[in-house]
Amino acid sequence: MAGKKPRSVYTCSNCGSQSPKWLGKCPDCQQWNSFVEETLAPTSPRSSATAASGGDSAVALRLEQISGGAEQRQPCAIAELDRVLGGGIVPGSFILIGGDPGIGKSTLLLQAVAALAQQRKVLYVTAEESALQVKLRAQRLQISASELFLLAETALERIFDRVKEIKPAFLVVDSIQTIFTSALESAPGSVSQVRECAGMLMQLAKHSGIPTFIVGHVTKDGSIAGPRVLEHMVDTVLYFEGDPGHPYRILRAVKNRYGSTNEIGVFEMSDRGLRQVNNPSEIFLAERAEDAPGSVVITSLEGSRPILVELQALVSSAPYGTARRTTMGIDHNRVALLVAVLEKKAGISLLNHDIFVNVAGGVKIDEPAADLGILVALVSSHLNKIIPRRTIIFGETGLAGEIRAVARPELRVQEAARLGFERCIMPQGNIRSLEVPAGITVQGVATVQQTLDVLFDISS
Ligand code: TYD
Ligand code: MG
C-alpha cells in the first residue's frame with residue numbers, strides 16, 4: 001500500500017451515499033447541499049469480511065443445529081419503551097435512538113437505564129456532557145442507581161478499554177456523533193467516523209452480547225452525519241419526536257429486527273423528566289374546543305394502538321395573491337390532493353382560500369385513514385358548520401372520491417366507544433364483519449359526497 005495517495009471522496013451526510021465528485025443534490029436521498037469531502041482511510045485488514053465473522057471463517061449450519069433461540073428479553077421498567085422495542089431488550093441488540101437535539105433522548109435513556117442499574121452494571125458513556133452534568137440531571141430526576149457507571153469520554157478505543165474493565169450488562173453511547181476512533185483521520189461527526197465507530201460498537205455488542213444503545217442527532221444542515229447513515233447497520237431504529245412547543249413526545253420504531261415497527265410510545269416531558277402517557281387519546285382530546293367549526297376527531301392507528309386525535313382546519317378567503325396551504329403534523333401533499341378531490345367530486349372549490357390544517361398536541365399523522373377526517377374538517381370550516389360532538393371519523397379517500405376501507409376498524413371503534421363517542425362515520429367496506437361495541441352507532445359511507453350529505457346536509 002506504500003506510495004498510495006490518500007484518496008478523497010464526497011459523502012452525503014444525510015444518507016451516506018458516496019460520489020467521486022461534489023454534488024449539489026444527493027441522488028439517493030434528494031437532500032440538497034449535504035455532500036462533504038472526506039479522505040478515504042487506507043483499508044485496514046480488520047475491516048469488512050473478516051471483522052463480520054469475528055476473524056475466523058464461519059461454518060454454515062442447519063437451522064436446527066443453531067443453539068439458543070429462546071428469547072430472553074430484559075424489560076427496562078419503562079413500559080412504553082419496552083413496547084416500542086417489541087417487549088424488552090434483546091441480548092446483543094444494537095439500538096439507535098435518533099431525534100432532534102434537545103428533544104429528550106438523553107433524559108429517556110438515563111431514566112431507562114436507571115431501572116436496569118438497580119441490579120446490573122450499566123455503563124453510560126457521555127460524550128457530550130460532563131459526568132457532573134449527567135449527575136445533576138439524575139438528581140433532578142430523582143434517580144439513584146448503585147450500578148450506574150458514568151464515563152465522560154470521546155475516544156472509542158478508551159471506551160472499549162473501560163467496557164472490558166467494567167463488563168457492563170448494558171452500554172449507552174450518547175452520542176455517536178461526538179465519539180471518534182483514532183483509526184480514521186476525519187473529524188468526529190463525519191460520515192466515515194460515525195460509520196466506523198458504529199461498526200465497531202456493533203461488533204462489540206454482537207460478540208459480547210451487551211445490548212447497546214446509541215444516540216444519534218438528526219441534523220438539518222448536514223454539517224454532521226445524521227442517523228440515516230446508520231439505519232441499515234443497527235437492529236432497531238427508534239425516533240424520538242415531538243413539537244418543542246408541546247410537552248408530548250412520541251417514540252417511534254421505524255426499524256426493528258426484534259418486533260413490529262410502527263409501535264409508538266407516548267411520553268410527556270415534565271420538570272421531573274419524562275412521564276409515560278398510558279391513555280394518549282384522553283390527553284390529546286383534553287383541550288378540544290367542542291362545537292367549533294373545522295374541528296374533528298379521528299382515530300389514527302399507531303402500531304397496535306388506536307389513538308384519537310383532534311384535527312383542526314381553518315379555511316379563510318384569500319382575495320389577493322396566491323392562496324396559502326399550511327399544514328402541521330400532516331403531509332401537505334395529502335391536503336392538496338384532498339382539496340382537489342373536494343373540488344372535482346363535491347363541487348366545493350377552495351381555490352381562492354387560505355388553508356391551514358393542524359393536528360392538535362403536536363402529533364404527526366401519516367395514515368391514509370386520516371383522509372376523510374381532513375376532508376370533513378376542511379368542509380366544516382369552509383361552511384362554518386360544526387361536526388356534531390361525540391362523532392368520530394375515519395376512512396381513506398381515493399382520487400375518484402370513493403371511501404376505501406382501512407386496517408383494523410374494530411380497534412378504532414372500540415377506542416372511540418371507550419372514550420364516550422356515540423357515532424362513528426367510517427368506510428362502508430369496513431362495516432361488514434364489524435362487531436359494534438355498546439354505546440356507539442356506526443354509519444358506513446362509500447363516497448365523499450355521501451359523507452358530506454350525512455354530516456352537513458348539503459344537498460338539501
Ligand atoms: P435532553 O435529554 O438533554 O435532550 P437530547 O439528549 O435529546 O438533546 O433533554 C433536553 C430538554 O429536556 C431540555 O430542553 C430540558 C428538558 N427537560 C425537562 O423539561 N425536564 C427534565 O426533567 C429534564 C431532565 C429535561
Ligand atoms: Mg443529549
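Q: Hi! Before we zoom in, what does the secondary structure of the chain come to?
A: Hello! The chain has 12 helices and 21 strands. Keep in mind that this is a predicted model.

Q: And what does the C-alpha trace span along its principal axes?
A: The C-alpha trace spans about 85 × 50 × 50 Å.

Q: How much of the chain is made up of buried residues?
A: Of the 460 residues in the chain, 50% are buried.

Q: Okay, on to the ligand. How many residues surround ligand 1, and which are the closest?
A: There are 16 residues around ligand 1. The closest are Gly102, Ser106, Thr107, Ser270 and Gly273.

Q: What does Thr107 do there, in terms of polar atoms?
A: Thr107 has a polar side-chain atom 2.5 Å from an oxygen atom of ligand 1.

Q: Which elements give two or more residues to the shell?
A: Those are α3 (105-116), α4 (131-140) and β11 (264-270). Helix α3 gives the most, with three residues.

Q: And how do the shell residues divide by type?
A: The shell around ligand 1 has four nonpolar, six polar and six charged residues.

Q: Switching topic: which residues form that nonpolar patch on the surface?
A: The patch is formed by Val59, Leu61, Leu63 and Ile66. Together they have about 460 Å² of accessible area.

Q: Where does Leu63 lie?
A: Leu63 is in the loop between α1 (48-52) and α2 (79-85).

Q: Why is Leu63 called exposed?
A: Because its relative accessible area is 73%, and exposed means over 50%.

Q: One last residue. Where is Asn358 found?
A: Asn358 sits in strand β16, which covers residues 353-359.

Q: Why does Asn358 count as partly exposed?
A: Its relative accessible area is 25%, and partly exposed runs between the under 20% of buried and the over 50% of exposed.

Q: How far apart are Asn358 and Thr441?
A: They are 83 residues apart in sequence and 27 Å apart in space, C-alpha to C-alpha.

Key
Residues numbered from 1 in each chain as written. Chains lettered and ligands numbered in written order. Predicted model: local features only at pLDDT ≥ 70, side-chain atom pairs only at ≥ 80, totals over all residues. Heavy atoms only, no water. Patch = residues over 30% accessible without salt bridge, like charges linked within 9 Å, V, L, I, M, F, W, Y side chains within 5 Å. Areas by Shrake-Rupley, 256 points an atom, 1.4 Å probe, with all protein chains shown as cover. Salt bridge = Lys/Arg side-chain N within 4 Å of Asp/Glu carboxyl O. Helix = DSSP H or I, 4+ residues; strand = E, 2+ residues; numbered from the N terminus. Buried < 20%, exposed > 50% of the residue type's maximum accessible area, 1.4 Å probe, protein only. Near = heavy atom within 4 Å. Polar contact = N/O pair within 3.5 Å; in protein donor to acceptor, adjacent residues only side chain to side chain. Nonpolar A, V, L, I, M, F, W, Y, C, P; charged D, E, K, R; others polar.
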